[in-house]
Amino acid sequence: MNEPAARGAIQTECVIVGAGPVGLFAVFELGLLGMKCEVVDSLAHPGGQCTELYPDKPIYDIPALPVCGAKELIDRLLEQIKPFHAGFHLGQEVSTVARQASGRFDVETAAGTRFDAGSLIIAGGLGSFQPRRLLVPDADRFEGTQLLYRVRRAEDFHGKDVLIAGGGDSALDWALELCGKSRSVTLVHRRAEFRAQPASVARMQALAADGRLGFHEGTIRSLASKDGRLSGATVLRTDKSTVDIGCELVLACFGLHPKLGPIANWGLALEKKALRVDTEKFQTSEPGIFAIGDVNTYPGKKKLILSGFHEAALAAFGVQHHVYPAKRQFLQYTTTSPVMRERLGVGPPE
Ligand SMILES: Cc1cc2nc3c(=O)[nH]c(=O)nc-3n(C[C@H](O)[C@H](O)[C@H](O)COP(=O)(O)OP(=O)(O)OC[C@H]3O[C@@H](n4cnc5c(N)ncnc54)[C@H](O)[C@@H]3O)c2cc1C
């Protein structure tokens, strides 16, 4: 820590790490207090666990919403925070946090975006979502070049022999999308049942029956290489036979799982892989860095969205006091406060 401010960094009162439900509600609470923030998430879309793990499941314990779909909850939160015009930086993991000589924070993402922030709210949940990796010898050697876990540019797969592994929507969608554009597409999935849209499965099976797409029920057991480049893979089929498939690119779509990742390296006090906070303002061991939602721990902590919302409200007051220590704090109601209603864009009270 104790670095100078970075040139060209985005100036902000607060960086929120994580665009899950709790990070999104923190935008609202900061906005009510007149503060603007920047939100960063390693996923390409907001919503955290709600959109990544259970978008269609109904939630029953959000106050005043007897039932609400997980994705619907995120859509509602995004609607609620619209008046506050937060900056969103998606598909970027916050990698480093350093305190500047001024006491502000230099925050940087793995994609190179930098922030000069008065404070930080970490709403990182269980961590940033990482792809489940292909566990075969030599996989590391080809990762990022010929073994990929996500498609950044579909054109990179065109005209190539492609092996896709997985049985969810991503694997099926890419197999269908690339069929006819790649030189060959082979799909490998460990069992006959898929966790994908039935219509996609039916289309894939029809293409396989026509011989336009290869399909094997089995798992990749090893990778083959020639002159240092990936040249194929051996698949162990469920009937115990093996088949060698020539390919230049392997796309493994095994889903994502959360990993605390860089948050653990920012020098903050941890307890059982969670950030220790106080319960007055949910501040971590580092003044000016707050932690809310699933990422924090304190006596009696319950990992519920409801608890995270409460923590967001109190952390926002903590942020305000940290950034503007001389400012008098008092509680205002959205029903009656002209200044809050103006911030919400709903006009003065009647
Ligand atoms: C199947 C299931 C059902 C559930 N049902 C309920 C329910 O009915 N009621 C309830 O209250 N709760 C429920 N939960 C729990 C609830 O989803 C979590 O409590 C909630 O999502 C926590 O929100 P969060 O914003 O703290 O974290 P998350 O939703 O985990 O979001 C954290 C975000 O931070 C991002 N992130 C982490 N580290 C970084 C980094 N370094 N850089 C950039 N981004 C980063 C992640 O990518 C992620 O998007 C359920 C959970 C599951 C899995």
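The lining of the largest pocket draws at least two residues from each of α2 (48-53), β11 (128-131), α5, β14 (184-189), β15 (214-226), β18 (249-252) and β19 (256-259); helices (H or I, at least four residues) and strands (E, at least two) are DSSP runs, numbered from the N terminus. The model is predicted, so that local features need pLDDT of at least 70 and side-chain atom pairs count only at pLDDT 80 or more, whereas totals for chains, interfaces and linings use all residues. Residues are numbered from 1 along each chain as its sequence is written, and side-chain values use heavy atoms, with hydrogens and water left out.

The volume of the largest pocket is about 1,600 Å³. Among the 45 residues of its lining, Gly168, Asp169, Ser170, Gly255 and Leu256 are the closest to the pocket centre. A pocket is an open set of points, on a 1 Å grid over the protein atoms alone, where a 1.4 Å probe fits and protein lies on both sides within 12 Å along at least five of seven lines; lining residues have an atom within 4 Å of a point. Grid points are joined across faces, edges and corners, and the volume is the space filled by probe spheres set on the points. The lining comprises 21 nonpolar, 14 polar and 10 charged residues, where Ala, Val, Leu, Ile, Met, Phe, Trp, Tyr, Cys and Pro count as nonpolar, Asp, Glu, Lys and Arg as charged, and the others, Gly among them, as polar.

Helix α5 (residues 169-178) also packs against helix α6 (residues 198-209): their axes come within 10 Å and cross at roughly 45°. Axes are lines fitted to C-alpha atoms, for helices over the stretch in contact, with angles running from 0 to 180 degrees between N-to-C directions. Leu172, Asp173 and Leu176 of α5 contact Ser200, Val201, Arg203, Met204 and Leu207 of α6, contact meaning heavy atoms within 4.5 Å. By class, five nonpolar, one polar and two charged residues form this contact.

In α1, Pro21, Val22, Phe25, Ala26, Glu29 and Leu30 meet Ile305, Gly308, Phe309, Ala312, Ala313, Ala316 and Val319 of α7. The contact of α1 with α7 has 11 nonpolar, one polar and one charged residues.
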